[in-house]
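Have the model open beside you and try each task before reading on.

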Amino acid sequence: MSSLMDILLFRAGHNTAVVLVGCVVLGVSAAVVGAFAVLRKRALMADALGHATLPGIALGFMISAAFNGTGRETAALLLGATATGVVGVLAVQGILATRRLREDAAIGAVLSVFFGVGAVLLSRIQALPGADAGGLTHLILGQTASMRSGDAWLIAGAGAFAVAVVALLYKELRLVAFDQEFARVQGWPVAGLDLAVMTLVTVVTVVGLQAVGLILVVALLIIPPAAARFWTDRLGVMLVVAGVIGGASGAGGAAVSAVSRNLPIGALIVLFAGAIFLAGLLAAPRRGIVASVVRTARLRLLVASHHRLRELLGGPSDPLGAHERLADLALRRRGLAASTPAGLVLTEAGRRRALELEHAERWWIDRFGTTPGSGPPPSADAVEHILSPGLIDRLDGRSRGGDRP
Amino acid sequence: MSPLLTIDLPAVLTASCVAATCAVLGTFLLLRRASLLGDAVSHSVMPGLVAAFILTQSRDPLAMFVGGASAGLAAALLAEVIRRHARTDAGTAMGVVFPVAFAVGIVMLRYAESRGPVDLDADCVLFGELSRIIWAPPPDAPWLSARGLAALPRELVVAAAVLVVSLAAVGLMFKELTLASFDESYAHAAGLRPGWVHAGLIALTACAVVSAFEAVGSILVIALLICPPAAARMFTDRLRPQIAIAAGFGVASAVLGYILAGFAPGAILGIPSLSPSGMIAACSGVFLAGAILAAPGHGLIARRLRRLALAVRIAHEDLLATLYRANEGGPPHAPTPVHPPMIRRLALRRAGNLGHVTTGSSPSLTSAGAALAGEIVRSHRLWERFLVDRAGLRPDQVHAAALDLEHVRRGAGGDRLVPDPPDDLMDPHDRPIPSPPQNR
């Protein structure tokens, strides 16, 4: 058995190499195309499309079986898949035309009903004498053991085509993705560009069926762009990152499934992509969960240490009463307070900072007032933490500039 | 032993229970625009089912139930976390979660298979196995005796129990569910904790999906969650009737689908029976398509007809006004209203039927027609007066706009445009404004 390294370095035989190339190209192209679908919030349309290919696959099988008996011509299956996939997308549009049912219901209805029709047709095929329906169930869950070099070439060609179209239409697609109204006003054919994206989604979905199966193919379109979104706010960078994530997932899935033949490649590719997404969700610098927890904790500590400063200056004790020891530690580390035998006392810098805070609070109360007898507004306590002396000066300066609101 | 009672009855009953449960819960999901949550949950129960199977080494319904429902809930929770942190739309968040959960399920299934024969396969999870549901009491026990009932298939018992629990929960929480579904902010302000209501709905949905998977499979259950409520939505604007109609569509899909898959192929086409779960989903889709097309009021056909009727009424009024102006003489008015030939013919027939014009080669106004035409032209010229006096348009700009607006005459619309118009008021083109109808 070949090792993972051998497989990834193309040293594990021709067929394994073919599958690997096919999966990488598929991963990259699906990610690039899917990015625009995700940005246009059309991501789940691909799910309806994927499930809607099942009746077409079954019909393609039945038709080609009627002509030459085996019914496993890839072309017939994929043509059928494309046909009913497109019908499925049109059905979604038709349901939306009622304006009474929303997109979520339309997509869910189409995907489940088309899948049901496909199941009926499959049950008919399984009862056909002499028909070998084994190849069909592979298209549901995905299986590359049956992938031949012709299939890989098809995937590579279609993937390259999709990426090339995106590169050609990059400027227009970007405009539509971010500001549809502006694009329309500027005279760009928004509907045509949406159609182009849906066509590319269809192409990628159909060629992707063989590798990952029709249930999971939507994951290739959604997960890499969604994962890339954690790391960047720029579309160009996002496309590259998404492509890399998609390609890496494809390579990882292909390699692991080549090592252990029993595990289905589609599921493995999706798991790789899911793991990369999870890493971003946890660890991305600004949007990750860890970063956001740290940010929240920092803010809490800042608030607590401000309260402690005021308390050391002789103000009321911390209304929250939390994080006192951490706050003391932070004040000492920043040189705002020092330990003495009599306890914590403010340094000169600490005194200054505490007075600034007090000033900020008083400024706010002066500005935005109190209702008589009810004390300072609760906002005063919250706002002192972000009202720096510089900000107060600027606000004062502006309000002196003119009386008009 | 009757095969109808042994095989078909429990299967149909189970499918019907599942369909009714899904219709009730799906109605609320639909109203919350969370229909795809059912989709996500049903894809995600797979790893839970497989985990329960691996742990217990059996298809014990209770273990499967706990495993599947908790996996579905966990996936819904994860999707919510992703939606908040990744700042994506809910669709993308679900699109990330459910394929991954499904993939985990498949890999776990293959792992279980590699350790020994497994009585659970992907096909069964995807398509369900209604044919496994069999009611076979011991030969000497009557069907309705204690021993006969004890032999009821566990799938049916579970499906019925979930139906009862769902109905009870929805009945008890009806007010809260309704409020949270229609106006989440108000529910929040009223102290109702809509988040918890939503979570409860998801939990019930997860239970329904798990109980359904034996019957119709994890993907086709989506059809039962979405199609019947969506079809019912086409018929009514009220919640209670919608739930009832949805449940009716669901049960009808289950029964009809089972009959079409099980009996019709053999009886009519002479081929073996087809996948009942697929046929149930297809039936629910046919009902939905029928509702979208033919529902009174909101259906596409009804809407098309209403628009046609409006077009004919407008063409009818334009015809009368044109005849009135021709009788008036004077210079031609441009532009003149344009209607497709078919609409014109229908309008002419309508005018004839209502006695507004004389039938013949060149129609002319009857006295009833002249009265109505006077009203229309009055409305037209009052609008022109308004557009010039109040809206500040030039007299040469207002005729085309008034051609559209003249048809808006409901109430005293025309007379409120120009308060207390003098009898000799002229329009901006110095044509007389016909006096109002006498009988007002």
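**Exercise 1: a helix pair in chain A**

The axes of helix H3 (residues 45–68) of chain A and helix H4 (residues 74–96) of chain A come within 6 Å and cross at roughly 140°. Task: decide how H3(A) and H4(A) are oriented to each other.

Solution. This is a predicted model, where local features need pLDDT of at least 70, side-chain atom pairs count only at pLDDT 80 or more, and totals for chains, interfaces and linings use all residues. Residues are numbered from 1 along each chain as its sequence is written, chains are lettered from A in the order in which they are written, and side-chain values use heavy atoms, leaving out hydrogens and water.

Step 1: angles under 35 degrees count as roughly parallel, over 145 as roughly antiparallel, 65 to 115 as roughly perpendicular and the rest as oblique. Step 2: H3(A) and H4(A) are therefore oblique to each other.

**Exercise 2: a helix pair in chain B**

Task: classify the packing of helix H15 (residues 300–328) of chain B with helix H17 (residues 367–389) of chain B.

Solution. Step 1: their axes are 8 Å apart, at an angle of about 90°. Step 2: H15(B) and H17(B) are therefore roughly perpendicular to each other.

**Exercise 3: one residue**

Task: is A:Ala162 buried or exposed?

Solution. Step 1: locate A:Ala162 in helix H7 (residues 149–168) of chain A. Step 2: its relative accessibility is 0%, so A:Ala162 counts as buried (under 20% relative accessible area; exposed is over 50%, partly exposed in between, with a 1.4 Å probe and protein chains only). Step 3: look at A:Val203, 41 residues from A:Ala162 in sequence yet 7.8 Å from it in space, C-alpha to C-alpha.

Technical notes. Axes are lines fitted to C-alpha atoms, for helices over the stretch in contact, and angles run from 0 to 180 degrees between N-to-C directions. Helices (H or I, at least four residues) and strands (E, at least two) are DSSP runs, numbered from the N terminus.
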